[in-house]
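Subject: Structure handover

Hello,

Here is the structure we talked about. Please open it next to this message, then read on for what was found.

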Amino acid sequence: MTGARLWSMISAVVQRRDRLPTNTPGDFFVDASCIDCDTCRWMAPTVFDRAEEQSRVHHQPANDAELAAARLALVACPTASIRTEAKHDLAAARAAFPLLVAEDVFHCGYHSESSIGATSYLVRRPAERGGNVLVDSPRWSRALVARLEELGGVRTLFLTHVDDVAEHARFAAHFPAERVMHAGDAVPGIERVLEGLEPVELDPELRVVPTPGHTAGSACLAYRGKFLFSGDHLAWSESRGHLYAFRSATWFDWDVQIDSMERLARERFEWVLPGHGWRAHVPAADMPAAMRRCIEWMRAH
Ligand code: SF4
């Protein structure tokens, strides 16, 4: 039996077993193992959307850009829930991560199921400026680790909160990296534990802003007054059209989170790069108004 024939038979069995009926017909589909983490929807919104509390393919990739985005989402998916009927060469998609966001900030891809698919980021900096920073933990992947090594390794692993630590110990031991986390959420083994509500300068470019609310020890990391790694404290709502917080996923205290948002609004940044949800890029001059809109929405909910 040829390899192509065998692949075709396996694909047919898989599709019968768990292809979600909400998918549009065609090559790409989402299967029943989807954990609704949202990753594919913000990575490739023209291909994936949400139906019945899971993702689905609402439109098959129709050009090179959509195909590339769908393949990247397939590699990033934490549960391997994105499948194809045809066999695809995914080498380019695997090698694309870490994927440039802007300047020296990258999206690591390879989301981890243990963090419910949270996004991890890499800040690439020369050693004399303190070296590379990994924000939250991706899943362990030999391909990703090799790319991180090529890009200079990881000096600091900043963990925004307890939900998104994934394989932090393995990454910290491998590179090795110093893990930084707030005491309110700190897990065993963290090398540098921060306390209190006052911002902490890790170095001239990195400023930790404690933002309890989603969890007791949630914290954001501001980089060069431009990029804010916001964990699960703050994200863009595509449907609402403004910055918001996860009201239905507040594990600690909503009122405390509103206070944290007020303090965060005093910081300077223009990119919001969340663990879950959509990223946002707002001109720095407009960010205060965007944060006020967010806080007003929070007070009303
Ligand atoms: S990335 Fe995977 S698990 Fe997450 S919503 Fe998409 S299909 Fe589901």
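Strand S14 is mostly covered: five of its five residues are buried. Buried means under 20% relative accessible area, exposed means over 50%, and partly exposed lies in between (1.4 Å probe, protein chains only). Strands are DSSP runs of E with at least two residues, helices are runs of H or I with at least four, and both are numbered from the N terminus.

This is a predicted model, in which local features need pLDDT of at least 70, side-chain atom pairs count only at pLDDT 80 or more, and totals for chains, interfaces and linings use all residues. Residues are numbered from 1 along each chain as its sequence is written, and side-chain values use heavy atoms, with hydrogens and water left out.

**The sheet around S14**

Both faces of S14 are covered. Ala219, Leu221 and Tyr223 are buried on one side, and Cys220 and Ala222 are buried on the other. In a regular strand the side chains alternate between the two faces of the sheet.

Which strands pair with S14? S13 (residues 206–210) joins S14 through five bridges, and the two run antiparallel. Here Arg207 stands opposite Ala222. S15 (residues 227–231) pairs with S14 (residues 219–223), also in the antiparallel sense, over three bridges. Two strands count as paired if DSSP finds at least two bridges between them. In S15, Phe229 is the bridge partner of Leu221, and Phe227 stands opposite Tyr223. The hairpin of S14 and S15 has three residues between the strands, and Arg224 takes a positive phi near 55° there.

The open sheet has six strands, in the order S12-S13-S14-S15-S18-S19, with mixed pairing. Its edge strands are S12 (200–203) and S19 (280–281), each of which pairs on one side only.

**The cavity and the ligand**

A search of the whole structure finds one cavity of 30 Å³ or more. The search uses a 1 Å grid over the protein atoms alone: a cavity is a set of points where a 1.4 Å probe fits but cannot get out, a pocket is an open set with protein on both sides within 12 Å along at least five of seven lines, and lining residues have an atom within 4 Å of a point.

The largest cavity has a volume of about 90 Å³. A volume is the space filled by probe spheres set on the points, with grid points joined across faces, edges and corners. The lining of this cavity has 15 residues, and Cys34, Cys37, Cys40, Ser55 and Cys77 lie nearest its centre.

The ligand sits in the largest cavity, meaning that more than half of its atoms lie within 2 Å of the grid points. Around the ligand there are 14 residues, of which Cys34, Cys37, Cys40, Ser55 and Cys77 come nearest.

**The largest pocket**

The largest pocket holds about 830 Å³ of space. Its lining counts 32 residues, with Asp36, Asp38, Arg41, Tyr244 and Phe246 nearest the centre. S2 (48–51) and S16 (235–237) each supply at least two lining residues. S2 gives the largest share, three residues.

Thr46 is found in the loop between helix H2 (39–43) and S2. Is Thr46 buried, exposed or partly exposed? Thr46 counts as partly exposed because its relative accessibility is 40%.

Best wishes

Definitions and conventions:
A residue is near a molecule or strand if one of its heavy atoms lies within 4 Å of it.
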